[in-house]
Amino acid sequence: MKNYQKLELNNREKQANEYDQWYIKTKWILFDKIEKLLFQKNTDNSKIILDLWSWTWRISEAIQHKNKNIIAIDYSPTSIELLQRKKIINTDWRVADITKPLPFQDHSFDTIVSCQVLQHFHLDDLENILQEINRILKPWWKLIFSVYNNDCIFYNGNFEEILWNGLYTKRFNKKLAKYLANKTWLYIDKMLYYWVNPILHKHNWKVNRFIELLLQHIPYINRKLGKYVFIILKK
């Protein structure tokens with residue numbers, strides 16, 4: 001494991017117990033609902049799903065009722081222990097390092113989901129991860145993931161950054177998504193951008209969602225204001 005990955009692991013171990021509360025406090029309930037709906041909607045037809053680097057709860061919990069079987073993996077033992085305590089239905093848990101060959105047979109999964117994870121890997125490691133994803137993904141099925149959007153005006157075009165806590169992060173755009181897809185024999189099926197209005201987030205989340213859906217149909221505004229990009233790569 002590389003030094004920057006060890007730092008990420010140590011951070012996850014330290015934050016695991018407070019992660020649920022931290023997420024809602026810093027990103028708000030509305031953002032949580034919007035993000036979960038994206039993953040719910042796009043995994044409806046999946047029968048067996050891998051939640052890649054699952055942390056402690058959010059996406060596995062969101063899709064548990066719509067799928068027959070979910071396997072959640074993370075390389076933080078504390079995160080997996082907390083996830084087990086939640087007793088999410090239809091879900092199994094494993095500690096696994098996604099930068100190494102994954103402990104699954106070829107063509108094991110209909111869908112692989114990953115929420116704000118892949119942005120924390122250097123490009124060479126990211127390519128290796130996507131090649132491994134291709135191996136365990138069934139033909140004609142999909143990888144669904146969310147990451148930071150480099151086209152967002154709030155990021156000032158900074159492609160890579162070391163965050164305040166010392167952790168590495170990168171931001172994605174269409175060019176990078178195409179490069180990774182071509183490099184790993186996948187193709188882009190969908191890209192959309194999302195965010196939460198910082199002024200209205202305390203009000204009715206359905207009203208906020210309606211406003212943002214309207215804005216998301218204006219391509220330039222969509223791409224420039226959305227801090228996050230939701231990408232589906234298909235095999």
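Trainee: At which residue does H2 bend, and by about how many degrees?
Mentor: This is a predicted model, in which local features need pLDDT of at least 70, side-chain atom pairs count only at pLDDT 80 or more, and totals for chains, interfaces and linings use all residues. Residues are numbered from 1 along each chain as its sequence is written, and side-chain values use heavy atoms, with hydrogens and water left out. Helices (H or I, at least four residues) and strands (E, at least two) are DSSP runs numbered from the N terminus, and the bend at a residue is the angle between axes fitted to the seven residues ending there and the seven starting there. By that account H2 bends at Trp28, by about 100 degrees.

Trainee: What does helix H2 span between its end C-alpha atoms?
Mentor: The expected span of a helix is 1.5 Å times one less than its number of residues. For the 23 residues of H2 (residues 19–41), a straight helix would span 33 Å, but the end C-alpha atoms of H2 are separated by only 25 Å.

Trainee: How far does H5 reach from its first C-alpha to its last?
Mentor: H5 has 14 residues, for which 20 Å is expected at 1.5 Å a residue. The reach in the model is close to that, at 20 Å.

Trainee: Where in the chain is confidence lowest?
Mentor: Confidence is given as pLDDT, the predictor's score for each residue, from 0 to 100. The chain has a mean of 87, with 94% of its residues at 70 or more. Strand E5 (residues 137–148) has the highest confidence, at 96. Where pLDDT is low, the predicted coordinates should not be read in detail. The lowest mean, 70, belongs to helix H7 (residues 205–215).

Trainee: Is Lys206 buried or exposed?
Mentor: Buried means under 20% relative accessible area, exposed over 50%, and partly exposed in between (1.4 Å probe, protein chains only). Lys206 is found in helix H7. Its relative accessibility is 57%, so Lys206 is exposed.

Trainee: Which residues does Ile98 touch, not counting residues up to four places away in sequence?
Mentor: Contact means heavy atoms within 4.5 Å. Ile98 is one of the residues that touch the most other members of the largest core. With neighbours up to four places away in sequence left out, Ile98 touches Leu52, Trp53, Ile73, Val117, Phe121 and Ile129.

Trainee: What do the buried residues of H4 pack against?
Mentor: Helix H4 covers residues 77–85, and its buried residues are Thr78, Ser79, Ile80, Leu82 and Leu83. They pack against H1, E2 and strand E3 (91–95).

Trainee: How many aromatic pairs does the structure hold, and what is the pair of Tyr148 and Tyr228: stacked, edge-to-face or tilted?
Mentor: Rings of Phe, Tyr and Trp (its six-membered ring) pair if their centres lie within 6.5 Å; planes under 30 degrees apart count as stacked, over 60 as edge-to-face and the rest as tilted. The structure holds 9 such pairs. In the pair of Tyr148 and Tyr228 the centres are 5.7 Å apart and the planes stand at 50 degrees, so this pair is tilted.

Trainee: What is the phi of Trp140?
Mentor: Trp140 lies in strand E5 and, at 72% relative accessibility, counts as exposed. Trp140 is not a glycine, yet its phi is positive, at about 75 degrees.

Note on methods:
Core = buried A, V, L, I, M, F, W, Y, C linked by side-chain atoms within 4.5 Å.
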